[in-house]
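Visitor: I would like a close look at one part of this model, its surface. Please start with the chain as a whole and then go through the surface in detail.

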Amino acid sequence: MSGFGGFVLRRAIGTVITLLAISVIIYVVFYATPGNVAQITCGPRCSPEQVHQVAQQLRLDDPLYLRYWHFLQGILLGTDYSTGTSVEHCAAPCLGQSYQGDQQVTKLILSKLPVSLSLVFGAMVLWLILGVGTGILSAWRRGRFTERLLTGITLAGVATPVFVIGLVLMIVVCGQLELLPFPQYVSLTDDPEQWAWNLLLPWLSLALIEAATFARLTRASMLETLAEDHIRTFRAYGVGERSIIGRHALRGALAPVIALNANNVGSAVGGAVLTETLFGLPGIGQELVHAVNVVDLPVVVGMVLVIGFFVVIANAVADVLYAVADRRVVLA
């Protein structure tokens, strides 16, 4: 296949291969390390009987490649787990069984995923509005006080850690000014207004960091586009500056912004650990920290796989969106 369809097919095949490679690396890193894998997987509080049961479930007597194959089969087709008195089926995609909470890892992740997605996608809307808008304004007012002020603010935003911004916002907005309540997650389906109201502060904390990066990238892309020959031609014909920026320069400048945004959405799912922990949001990040603390290895592996999945898929989407914005990419 050639053209855009062939480009998408190549990216899809590459994405599948990358996901398989990530699953192999993660499995080897966590399940082929020296030591008692069954004890590590089960956790420090497991009895010898439980450790023996875990060793049987993980098929530790089998070769490593065969154990990985059973692990992959569980993800693709599902598998059965012995609970000691009965057999429980884990439907695909099965990421294992938590031995601390006696719960399937997939169900645990699905219960936490809406919180993380609510945080990331809400913050994404804010960082696009703030970042792209600031970048366009900075490029438009190049050489003036407005540009210098905005450049200084974005540099400060890039250099400030997310937990510092979050703490300052909580102290000032929630504590001193009492403009917002301390965040407490409310489901979107239960109360949309309270859902947004309680997530506004976490959204701002995560968005301000990302908005600074988007502002710098948008400004650089806009300045590069505004210096091209066809823009000078428009100016020579008397086309207004606002029309040039809004109708002609913006589309070319947004191609790298689209790619960066898709990448950031994927990485932000994993990078929201600090934000969720700081604001006490029961998402994937907070659950991952808890799983590490109690050495719940199946949960850790499942969380890392899901985060890796989002990063890879986001990169694939970024490639496709970049090709839509700039068809020259299809020929590369």
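**The surface and its surroundings**

Guide: The chain exposes about 17500 Å², and carbon and sulfur atoms supply 64% of that area (Shrake-Rupley method with a 1.4 Å probe; for residues, only the protein chains shown count as cover). This is a predicted model, in which local features need pLDDT of at least 70, side-chain atom pairs count only at pLDDT 80 or more, and totals for chains, interfaces and linings use all residues. Residues are numbered from 1 along each chain as its sequence is written, and side-chain values use heavy atoms, with hydrogens and water left out.

The C-alpha trace spans about 80 × 60 × 35 Å along its principal axes. The chain has 13 helices and four strands (DSSP runs numbered from the N terminus: H or I of at least four residues for helices, E of at least two for strands). Of its 332 residues, 40% count as buried (under 20% relative accessible area; exposed is over 50% and partly exposed in between, with a 1.4 Å probe and protein chains only). Among contacts with a separation of 6 or more, 65% are between residues 24 or more positions apart, a contact being heavy atoms within 4.5 Å.

Now the nonpolar part of the surface. Phe163, Val164, Leu167, Val168, Ile171, Val172, Leu177, Leu179 and Leu274 make a nonpolar patch of about 760 Å². Patches are built from residues with over 30% relative accessible area and no salt bridge, joining nonpolar side chains (Val, Leu, Ile, Met, Phe, Trp, Tyr) within 5 Å and like charges within 9 Å. Helix α7, residues 162-176, gives the largest share of this patch, six residues. Val172 is in helix α7 and is partly exposed, at a relative accessible area of 31%.

Glu178 is in the loop between α7 and α8 (192-226). Its relative accessibility is 64%, so Glu178 counts as exposed. Its phi is near 55 degrees, a positive value in a residue other than glycine. Most residues other than glycine have a negative phi, and most peptide bonds are trans. Val295, in the loop between α12 and α13, also has a positive phi, of about 55 degrees, without being a glycine; at 36% relative accessibility Val295 is partly exposed.

Turning to charged side chains, the structure holds two salt bridges (a side-chain nitrogen of Lys or Arg within 4 Å of a carboxyl oxygen of Asp or Glu). One of them joins Asp319 and Arg11 at 3.4 Å, N to O. Asp319 is in helix α13 (residues 297-325) and Arg11 in helix α1 (residues 3-31), so this pair ties together parts 308 residues apart in sequence. Both ends are partly exposed: Asp319 has a relative accessible area of 33% and Arg11 has 30%.

Lys112 and Glu287 also meet in a salt bridge, at 3.9 Å, N to O. That pair links helix α5 (residues 105-140), which holds Lys112, with helix α12 (residues 284-293), which holds Glu287, 175 residues apart. Here both side chains belong to buried residues, with Lys112 at 18% relative accessible area and Glu287 at 15%.
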